[in-house]
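Biologist: I'd like to learn how to read a model like this one. Can we go through it together?

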Amino acid sequence: MSFSQFLLILRARKKIVLWTLLAAVLLTLVASLLMPKTYKATNSLVMNFKGVDPVTGLALPGQLLPGFMATQIDIIGSKNVALRVVDDLGLANNPAVIAQFNEATGGNGTVRDWLADLLLKKLEVEPSRESSVVGVSFSGSDPQFVAAVANAFADAYQKVSVQLRVEPMQRASTYFNGQVRVLRDNLEAAQSRLSKYQQEHGIVSVDNRLDVESQRLNELSSQLVAAQAQLADAQSRRSMARNSSAQSPDVTSNPLIQNLKVSLGAAEARLAQLSQKLARNHPDYLAARAEADRLTKDLREQMSIASSSVSNNATILGEREATLRAALAEQKAKLLDLNRLRDEMNVLQKDVESAQRAFEATSQRSSQTRLEGQVNQSDVAVLNPAVAPTKPAGPRVLFNVMLSIIFGSILGVGLGLLVEMLDRRVRSKNDLSDVLQLPVLGALDWKTRPARRFALSKLRRNRALAAS
């Protein structure tokens, strides 16, 4: 169907279109005038919600939470809020309302649920664009009632929002209280283990004792090094004294031996002089020889004594070095034992510190959560409370008429096309060519003059009257 054919059909069926449009407009106008007047009251709320995790305590702006406004709108329009409105206004106790409920439902269900459903049907929640303001509107036939219901919904939503925030905090507070008791027991157990360990090992201050023992170990190490050096020197002197006592510095430097050597030299010189003057059996010679032998014997004895003294000194130094080595090994073992005790006690101290930190952090969060669970202030503020409207919000007669014109025109065109489809007529030469699939050779343009048609019809009426 081309546009020209569509226009021809509308032209031919214009009466149907016009009558349909007129009927739609009249019906809408009459219905709008007969409909009861409705009033609409709006309460504006400001959302200042801050999301707080009851476990971690981290706070985030509510605008950053996904679906925040949609969630608040769903809460306002929830049945829980509607039931609170019914209870706050005392609607379920009205005998007239109870009679209406019994008539509508036959007594099935409860009056509160029935009233909550009715209120939610007339409730509108509209968020503002790019802001945290939400409008709560309620429609009805009584201006005072709609304002009261709108304000009641705002107040019930504030109470529900407080409840939804406080209840998780209260549950978290209960959880934290249990954790605080557990952590307190852990802290006491850790402190008890540390005290018992200190008592068993007699530890007052490991660090101070460790410093003293470390200093003593250093002193023993220094003494051992010095003793080893002295021992090495004494061993070399002893070896020289044993192998060649005459060349040993310890023997040669002995004053007594030096004096004996001097005396022996003098005695041998005197003996040499006497041997040249006197016979070997002469008493003076024999006395000089005996003196020289005695000095020689004394020198040998003193040299032997000096060599023995060097050996004894080396032995003493060896024993002292062995004693210092054993004392050093014992000190090392004691120091290692102290290090082990310190490490074990450090582990116990770290357990106590960890338990202390956990207990303090949990106690702080428990106190904070307990305080937040006792807060009964809502983050939602009433920006504009609802007031009783002075002008009705409906029905909007002009708006309904405009809509009836639009829909009536569409309905009239649809009816005209439907009638045309049921009784198809030839409206133009294009209709013939489309139906017969043959070319149109010519067209006669025939128009009846209105005056002649009127005359013919008048003539027919006169003939009919004459014949009767």
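**Reading salt bridges and helix packing**

Modeller: Let's start in helix α11 (residues 283-373), where Glu291 and Arg294 are three residues apart and therefore separated by about one helical turn. Before we go on: this is a predicted model, so local features need pLDDT of at least 70 and side-chain atom pairs count only at pLDDT 80 or more, while totals for chains, interfaces and linings use all residues. Residues are numbered from 1 along each chain as its sequence is written, and side-chain values use heavy atoms, with hydrogens and water left out.

Biologist: What counts as a helix here?

Modeller: Helices are DSSP runs of H or I with at least four residues, strands are runs of E with at least two, and both are numbered from the N terminus.

Biologist: And what do Glu291 and Arg294 form?

Modeller: A salt bridge, with the closest N and O atoms 2.4 Å apart. The term means a side-chain nitrogen of Lys or Arg within 4 Å of a carboxyl oxygen of Asp or Glu.

Biologist: Which side chain meets Arg325 in a salt bridge?

Modeller: That of Glu321, at 2.1 Å from N to O. Both residues lie in helix α11, four residues apart, which is about one turn of the helix. Arg325 is partly exposed at 44% relative accessibility, whereas Glu321 is buried, with a relative accessible area of 9%.

Biologist: How many salt bridges does the structure hold?

Modeller: Nine. One of them joins Lys79 to Asp113, with 3.7 Å between the closest N and O atoms. Lys79 lies in helix α4 and Asp113 in helix α6, so this pair ties together parts that are 34 residues apart in sequence. Lys79 is partly exposed at 34% relative accessibility, and Asp113 is partly exposed at 27%.

Biologist: Which residues are linked with Lys79 in a network of salt bridges?

Modeller: Asp113 and Asp117. Asp117 is found in helix α6 (residues 111-121) and is partly exposed, with a relative accessible area of 36%. The C-alpha atoms of Asp117 and Ala82 are separated by 7.8 Å, although these residues are 35 apart along the chain.

Biologist: How do I read the packing of two helices?

Modeller: Two packed helices are described by the angle between their axes and the distance between the axes. The axes are lines fitted to C-alpha atoms, for helices over the stretch in contact, and the angles run from 0 to 180 degrees between N-to-C directions.

Biologist: At what angle do α4 and α6 pack?

Modeller: About 110 degrees, with their axes 9 Å apart. The two are therefore roughly perpendicular to each other. As for the cut-offs, under 35 degrees counts as roughly parallel, over 145 as roughly antiparallel, 65 to 115 as roughly perpendicular, and the rest as oblique.

Biologist: And how do α4 and α7 pack?

Modeller: Helix α4 (residues 79-89) and helix α7 (residues 143-201) have axes 8 Å apart, at an angle of about 120 degrees. That pair is therefore oblique. Helix α7 is also the place of Ala150, which is buried, with a relative accessible area of 0%. Ala150 and Ser137 are 13 residues apart in sequence and 6.0 Å apart from C-alpha to C-alpha.

Biologist: How do α2 and α12 cross?

Modeller: The axes of helix α2 (residues 14-34) and α12 come within 7 Å and cross at roughly 150 degrees. That makes α2 roughly antiparallel to α12.

Biologist: Where is Phe407, and is its side of the story buried or exposed?

Modeller: Phe407 sits in helix α12 (residues 397-422) and is exposed, with a relative accessible area of 55%.

Biologist: Which residues make the nonpolar surface patch?

Modeller: Phe399, Leu403, Ile406, Phe407 and Ile410 make a patch of about 490 Å². Patches are made of residues with over 30% relative accessible area and no salt bridge; like charges are joined within 9 Å, and nonpolar side chains (Val, Leu, Ile, Met, Phe, Trp, Tyr) within 5 Å. The areas come from the Shrake-Rupley method with a 1.4 Å probe, and for residues, only the protein chains shown count as cover.

Note on methods: Buried < 20%, exposed > 50% of the residue type's maximum accessible area, 1.4 Å probe, protein only.
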